[in-house]
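Here is a friendly briefing to read with the model open beside you. The topics run from the whole chain down to single residues.

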Amino acid sequence: MSSDDLLFSDLRAANIARLPTFRNKKSVLLHPPKEGEVPGHNWLLSQWGNALAGEVGEVAGLLKSIEKGDCTLEEAREDLGRELADVQTYLDLLAHRAGISLSQATLQKWNEVSERVGSPVRLAPYEAHLEGAQEHVDVMRPVFPWNEG
């Protein structure tokens, strides 16, 4: 892991911390802190889903512009990165609202798909990498047929 990598848990903690301070364009607090309420639970799942869909739509719009020739990927890369980051942020907020750990869900689903498609590549929790367990080294740095040696 490089020094500029981000953990799911760090994104979740930052999202929860920022929610009570998040204002719309009219400076209205969208998730005002209320005693006994979990930040972000004042929105329905569908509201978080709609926010996520809006961000995915912005990504789709950029991809359409690239494929139409309005701009190149190189010209749009920075904007595309920002929009993908928005998708990731809203995906985490939706998962938070639903009580889902994206980290755990991703690990489980990734490994299920790897098993189903016959791939030896598996993910392991970050803590397993820190412990230096030999069984997880191959997960962290898998060997692919095209780069063996």
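What percentage of the 149 residues in the protein chain do buried residues make up? The share is 23%, where buried means under 20% relative accessible area, exposed means over 50% and partly exposed lies in between (1.4 Å probe, protein chains only). Please keep in mind that this is a predicted model, in which local features need pLDDT of at least 70 and side-chain atom pairs count only at pLDDT 80 or more, while totals for chains, interfaces and linings use all residues. Residues are numbered from 1 along each chain as its sequence is written, and side-chain values use heavy atoms, with hydrogens and water left out.

**The chain as a whole**

- The protein chain has 6 helices and 0 strands, counting DSSP runs numbered from the N terminus (H or I over at least four residues for helices, E over at least two for strands).
- Along the sequence, the pattern of the protein chain reads α-α-α-α-α-α.
- Of the contacts in the protein chain between residues at least 6 apart in sequence, 47% join residues at least 24 apart; contact here means heavy atoms within 4.5 Å.

**Where α1 meets α3**

- Helix α1 (residues 8-18) packs against helix α3 (residues 73-98) at an angle of about 80 degrees, and their axes are 10 Å apart. The axes are lines fitted to C-alpha atoms, for helices over the stretch in contact, and the angles run from 0 to 180 degrees between N-to-C directions.
- α1 and α3 are therefore roughly perpendicular to each other; that label covers 65 to 115 degrees, with under 35 counted as roughly parallel, over 145 as roughly antiparallel and the rest as oblique.
- On the α1 side, the contact is made by L11, R12, N15, I16 and R18, and on the α3 side by Q88, T89, D92, L93, A95 and H96.
- Sorted by class, this contact of α1 with α3 has 4 nonpolar, 4 polar and 3 charged residues. Ala, Val, Leu, Ile, Met, Phe, Trp, Tyr, Cys and Pro count as nonpolar, Asp, Glu, Lys and Arg as charged, and the others, Gly among them, as polar.

**Two residues of α1**

- N15 is part of helix α1, and with 4% relative accessibility N15 counts as buried.
- Beyond its neighbours within four places in sequence, N15 is in contact with T89, D92 and L93.
- R12 also lies in helix α1 and is buried, at a relative accessible area of 19%.
- The side chain of R12 reaches the backbone oxygen of I100 at 3.0 Å. This is a polar contact, meaning a pair of N or O atoms within 3.5 Å; within protein, one must be able to donate a hydrogen and the other to accept it, and residues adjacent in sequence count only if both atoms are side-chain atoms.
- Not counting residues up to four places away in sequence, R12 touches D92, A95, H96, I100, S101 and L102.

- W48 sits in helix α2 and is buried, with a relative accessible area of 2%.
- The side chain of W48 reaches the backbone oxygen of G40 at 3.0 Å.
- Residues touched by W48, leaving out those up to four places away in sequence, include L19, Y90, L93, L94 and R97.
- W48 and A98 are 50 residues apart in sequence, with 9.7 Å from C-alpha to C-alpha.
- L19 belongs to the loop between α1 and α2 and is buried, with a relative accessible area of 4%.
- L19 and P39 are 20 residues apart in sequence and 6.1 Å apart in space, C-alpha to C-alpha.
- Apart from residues up to four places away in sequence, L19 touches H31, P39, G40, W48, L93 and H96.

**Two serines**

- S114 is in helix α4 (residues 102-117) and counts as buried at 5% relative accessibility.
- The side chain of S114 reaches the backbone oxygen of V121 at 2.7 Å.
- S27 is in the loop between α1 and α2 (45-68) and counts as partly exposed at 48% relative accessibility.
- Phi of S27 is near 65 degrees, a positive value in a residue other than glycine. Most residues other than glycine have a negative phi.
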